[in-house]
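Student: Please take me through this structure label by label. For each term, I would like to see the value set against its definition before any conclusion is drawn.

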Amino acid sequence: MYIIAGLGNPTSKYTMTRHNVGFRTIEELAKRNGISLNNNKFKAITGTGVIGGQKVLLMQPQTYMNHSGESVRAAVEFFKIDEASELIVIYDDISLDVGQLRIRAKGSAGGHNGIKDVIEQLATLEFPRVKLGVGAKPQGWDLADYVLSSFPENEREAIAEGIVDAAKAVELMLSDGIDSAMNQYNKKKA
């Protein structure tokens, strides 16, 4: 069993914000693989199915971004999975251009409070993650205001493509391993 957690904030107020690209990637994975996100478990909206020949639990934690780890830990403990090989976390990254991906097998929180909470709750840095670029914070903006803002029209196509790429990257990670996904998707977009 693989757990694939996309981070974000619940309620329609946040749906199209930069912070919710993790949720949107989970929805794209569900759509592409015929998985219904219709269960409420582990303080998350969840759905189970098969992707790339692997049984998966897709999850959108409903604990708000800064407490995402509580939900992820509950699922990890319930299924007794190995975080280093059977967990994938998808989240926004302001250090990457809009729609750019960076896949890593492990790493620090890099200032992201949602991933910081996942790391604290799991007591490990070693779990695969897919970071989806949402663009750098403009000078003079408050970080919280920026990540909770929606994408302007001129970035919507790039982020939509990035979400599809993130879903394809997860599918590749499940079918062919993380190295294949890193080789294909950790490239600067033209």
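Tutor: Helices and strands are DSSP runs, numbered from the N terminus, where a helix is a run of H or I of at least four residues and a strand is a run of E of at least two. This is a predicted model, in which local features need pLDDT of at least 70 and side-chain atom pairs count only at pLDDT 80 or more, while totals for chains, interfaces and linings use all residues. Residues are numbered from 1 along each chain as its sequence is written, and side-chain values use heavy atoms, with hydrogens and water left out.

Student: Which residue follows α4, and what is its phi?

Tutor: A123 follows α4, and its phi is positive, near 55°. Most residues other than glycine have a negative phi. Two further positive values belong to Y64, with phi near 70°, and to K80, with phi of about 50° although K80 is not a glycine. Y64 lies in the loop between β4 and α2, whereas K80 lies in the loop between α2 and α3 (83–86).

Student: How do you know whether K80 is buried or exposed?

Tutor: Buried means under 20% relative accessible area, exposed means over 50%, and partly exposed is what lies in between (1.4 Å probe, protein chains only). K80 has 71% relative accessibility and so counts as exposed. G34, in the loop between α1 and β2 (39–41), has 69% and therefore counts as exposed too.

Student: Which residues of α4 are buried, and what do they pack against?

Tutor: In α4, which spans residues 113–122, the buried residues are G114, I115, D117, V118, I119 and L122. These buried residues pack against α2, α3 and β5.

Student: What makes a group of residues a nonpolar core, and how many residues does the largest one have?

Tutor: A nonpolar core is a set of buried Ala, Val, Leu, Ile, Met, Phe, Trp, Tyr and Cys residues joined through side-chain atoms within 4.5 Å. The largest such core has 30 residues, of which I4, L29, L58 and V130 touch the most other members. Elements that each supply at least two of its residues include β1 (2–6), α1 (21–32), β4 (54–61) and α6 (153–176), and the largest share, 9 residues, comes from α6. A second, separate core of 21 residues includes I3, A75, Y91 and V118.

Student: Which residues does L29 touch?

Tutor: Not counting residues up to four places away in sequence, L29 touches I4, I51, L58, I90, A167, V170 and E171.

Student: How many aromatic pairs are there, and why is the pair of Y14 and Y64 given its class?

Tutor: There are 5 aromatic pairs. Rings of Phe, Tyr and Trp (its six-membered ring) pair if their centres lie within 6.5 Å, and planes under 30 degrees apart count as stacked, over 60 as edge-to-face and the rest as tilted. The ring centres of Y14 and Y64 are 6.4 Å apart and their planes stand at 85°, so this pair is edge-to-face. Y14 lies in the loop between β1 and α1 and Y64 in the loop between β4 and α2 (68–79), so the pair ties together parts that are 50 residues apart in sequence. Y14 is buried because its relative accessible area is 15%, whereas Y64, at 39%, counts as partly exposed.

Student: Why does the pair of F78 and F79 have its class?

Tutor: The ring centres of F78 and F79 are 4.9 Å apart and their planes stand at 85°, so this pair is also edge-to-face. F78 counts as exposed because its relative accessibility is 55%, while F79, at 27%, is partly exposed. Ring pairs link F42, F78 and F79 into a cluster.

Student: How do you know that R129 lies over the face of F127?

Tutor: A charge sits over a ring if NZ of Lys or CZ of Arg is within 6 Å of the ring centre and within 35 degrees of the ring normal. R129 lies over the face of F127 at 4.2 Å from the ring centre.

Note on methods:
Contact = heavy atoms within 4.5 Å.
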